[in-house]
Amino acid sequence: MAIPELILRICLSFALLFTLTRIMGRKEISQMTFFNFVSAIAIGSITAILATNQNFSMLNGIIALTGWAGFTLIMGYIDIKSQKARKFTTGIPEIVIKDGKIMEEALRRTRLDNDSLQALLRQKNVFSMKEVDYAIFETSGKLSVMKKENKQPATKSDIRQLTTYSPKIFPTEIISDGELNEANLKKLNLDTNWLNEQLKQAGITSLSEVFYAEVQPDGTLYFDNKRDGLYH
């Protein structure tokens, strides 16, 4: 390959990679799911081939890169618009420790062995399972941990990352992306009549106006209105 062509390919590859990563946003780095990981590898591989392989035409390289970036953007858009699709493409968080007990079924579902679990706990400065009250394995591969009350308390950042599953300890999600979670509402021994009454007191006449809602540990309702922002 001639030096001028190599320089041209390197410059083109850099420009394309820089432009596409800016368009795709920061999720590729800040929230690396399995699909994000595969996408990053594929785009990097295509860029490397474009820069160094003279048998791979620059036009084909441009089409391949923009095509893969387009698929990534489409998947991201679908994830935002559909909660069901998001569960299918990225999965859901799994409780791996509950009330201080290891959930073996959850470990099997996530293909997480006990040694890997302990390694993740050590990254949270937890060196004994005895210290843990709740631990949730996130879709990004990270572990969110809440320690027992008699141990060092979890930071605000850790608590914020914890998925809301237990009505006794965590807020419980009852509306997400505008969809009512009747199962969680039932776990709290509440019904839609109670929910409608709470919303009515805040001036909301229909569930369709609510984007997100959760019941706090003290029994109060927090929700985010689709049009007017935050309500408490």
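Four bridges join strand β5 (residues 172-176) to strand β7 (residues 210-215), and the two strands run antiparallel. Strands are DSSP runs of E with at least two residues, helices are runs of H or I with at least four residues, and both are numbered from the N terminus; two strands pair if DSSP finds at least two bridges between them. The model is a predicted one, in which local features need pLDDT of at least 70, side-chain atom pairs count only at pLDDT 80 or more, and totals for chains, interfaces and linings use all residues. Residues are numbered from 1 along each chain as its sequence is written, and side-chain values use heavy atoms, with hydrogens and water left out.

Strand β5 is also joined to strand β6 (residues 179-180), by two bridges and again in antiparallel fashion. Ser176 stands opposite Tyr212 in β7, and its bridge partner in β6 is Glu179. Two residues lie between the strands in the hairpin of β5 and β6, where Asp177 takes a positive phi near 55 degrees. Strand β5 is mostly covered, as five of its five residues are buried. Buried means under 20% relative accessible area, exposed over 50%, and partly exposed in between (1.4 Å probe, protein chains only).

The patch, about 500 Å² of surface, is made by Phe34, Phe37, Val38, Ile41 and Trp68. Patches consist of residues with over 30% relative accessible area and no salt bridge, with like charges joined within 9 Å and nonpolar side chains (Val, Leu, Ile, Met, Phe, Trp, Tyr) within 5 Å. A salt bridge is a side-chain nitrogen of Lys or Arg within 4 Å of a carboxyl oxygen of Asp or Glu. Accessible areas come from the Shrake-Rupley method with a 1.4 Å probe, and for residues only the protein chains shown count as cover. Val38, placed in helix α3, is partly exposed at a relative accessible area of 31%.

Leu50 is also found in helix α3, but counts as buried because its relative accessibility is 0%. Beyond its neighbours within four places in sequence, Leu50 is in contact (heavy atoms within 4.5 Å) with Arg9, Ser13, Leu16, Phe56, Ser57, Met58, Gly61 and Leu65. Leu50 and Leu65 are 15 residues apart in sequence, and their C-alpha atoms are 9.4 Å apart in space.
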